[in-house]
Amino acid sequence: MNSATVSAELGLRLVVPDRTTVPLLAGLSYTAGDPYAIRMAFHVGNDEPVEWIFARELLTVGIVRRVGDGDVQVWPARADGERTLHISLTSPFGQALFEVPLAPLTEFLHRTYELVPAGRETDFMDLDAELSNMLWSS
């Protein structure tokens with residue numbers, strides 16, 4: 001299994017109900033050993049980061065059109081003349097809308113595709129280990 005990783009810190013904005021924004025920092029992480037997933041850890045206060053896992057393709061497609069069902073939706077937008085990506089997250093604890101600056105996100109995504117090209121994800125997975133984990137973990 002390949003353990004190469006791409007990571008980045010990303011400044012983004014939480015959109016609050018009156019449509020003002022609160023700046024936040026998120027850590028992005030992508031590992032070739034889990035080639036379909038991007039982990040985003042939101043740093044909120046002094047607590048442990050809140051981590052969400054996104055399909056890499058979801059963030060990629062969301063750059064050009066609205067995508068996602070249920071808990072995670074992503075779509076292109078503009079904020080203060082800047083191209084952004086909106087990410088809407090819903091959980092049993094509430095809903096949050098984030099504005100993500102497009103340039104640093106696309107740079108991060110580009111680096112993930114350099115590491116694991118689109119359509120080649122299964123080349124980087126240990127399918128036997130994944131099946132074993134699923135069969136023996138229950």
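**A conversation about the fold**

Author: Let us begin with Leu105, which, apart from neighbours within four places in sequence, is in contact with Leu10, Leu28, Leu85 and Val100. Please bear in mind that this is a predicted model.

Reader: Where is the place of Leu105?

Author: Leu105 belongs to helix α2, which spans residues 102-115.

Reader: Is Leu105 buried or exposed?

Author: Leu105 has a relative accessibility of 1%, so it counts as buried, the cut-off being under 20%.

Reader: Which contacts does Thr112 make, leaving aside neighbours within four places in sequence?

Author: Thr112, also in helix α2, is in contact with Val6, Tyr30 and Arg56 once those neighbours are left aside. Its relative accessible area is 0%, so Thr112 is buried.

Reader: Let us step back. How many helices and strands are there in the protein?

Author: The protein has 3 helices and 7 strands. Along the sequence they follow the pattern β-β-β-β-α-β-β-β-α-α.

Reader: What stands opposite Trp75?

Author: Trp75 stands opposite His86 in β6. This position is part of the pairing of β5, residues 72-79, with β6, in which 8 bridges join the antiparallel strands.

Reader: And what lies in the turn between β5 and β6?

Author: The two strands form a hairpin with 2 residues between them, and Asp80 in the turn has a positive phi of about 55 degrees.

Reader: Is His86 buried or exposed?

Author: His86 is in strand β6, residues 82-91. With a relative accessibility of 8%, His86 counts as buried. Not counting residues up to four places away in sequence, His86 touches Gln73, Val74, Trp75, Ala77, Leu97, Phe98 and Glu99.

Reader: How many bridges are there between β6 and β7?

Author: β6 and β7 pair over 8 bridges in the antiparallel sense. They form a hairpin with 2 residues between the strands, and Leu85 stands opposite Val100 in β7. Leu85 and Val100 are both among the contacts of Leu105, with which we began.

Reader: Which strand do the bridges join to β3?

Author: Strand β3, residues 37-43, is joined by 6 bridges to strand β4, residues 50-55, and the two run antiparallel. Ala37 stands opposite Ala55 in β4. The hairpin of β3 and β4 has 6 residues between the strands, and Gly45 takes a positive phi near 70 degrees there.

Reader: Turning to aromatic residues, what does the count of aromatic pairs come to?

Author: The count comes to 1 aromatic pair. The ring centres of Phe42 and Phe98 are 4.5 Å apart and the planes are at 20 degrees, so the pair is stacked, stacking being assigned to planes under 30 degrees apart.

Reader: Which strands hold Phe42 and Phe98?

Author: Phe42 is in β3 and Phe98 is in β7, residues 94-101, so the pair ties together parts that are 56 residues apart in sequence. Phe42 and Phe98 are buried.

Reader: Now the core. Which residues touch the most other members?

Author: In the largest nonpolar core, which has 31 residues, they are Leu12, Phe54, Leu85 and Ile87. Apart from neighbours within four places in sequence, Ile87 is in contact with Met40, Phe54, Leu59, Gln73, Val74, Ala96, Leu97, Phe98 and Val100. In soluble globular proteins, nonpolar side chains tend to be buried together.

Reader: Finally, what share of the residues in the protein is buried?

Author: Of the 138 residues in the protein, 38% are buried. The protein exposes about 8300 Å², of which carbon and sulfur atoms supply 54%. Among contacts with a separation of 6 or more, 39% are between residues 24 or more positions apart.

How values were computed: Residues are numbered from 1 along each chain as its sequence is written. This is a predicted model: local features need pLDDT of at least 70, side-chain atom pairs count only at pLDDT 80 or more; totals for chains, interfaces and linings use all residues. Side-chain values use heavy atoms; hydrogens and water are left out. A nonpolar core is a set of buried Ala, Val, Leu, Ile, Met, Phe, Trp, Tyr and Cys residues joined through side-chain atoms within 4.5 Å. Buried means under 20% relative accessible area, exposed over 50%, partly exposed in between (1.4 Å probe, protein chains only). Contact means heavy atoms within 4.5 Å. Two strands pair if DSSP finds at least two bridges between them. Helices (H or I, at least four residues) and strands (E, at least two) are DSSP runs, numbered from the N terminus. Rings of Phe, Tyr and Trp (its six-membered ring) pair if their centres lie within 6.5 Å; planes under 30 degrees apart count as stacked, over 60 as edge-to-face and the rest as tilted. Accessible areas come from the Shrake-Rupley method with a 1.4 Å probe; for residues, only the protein chains shown count as cover.
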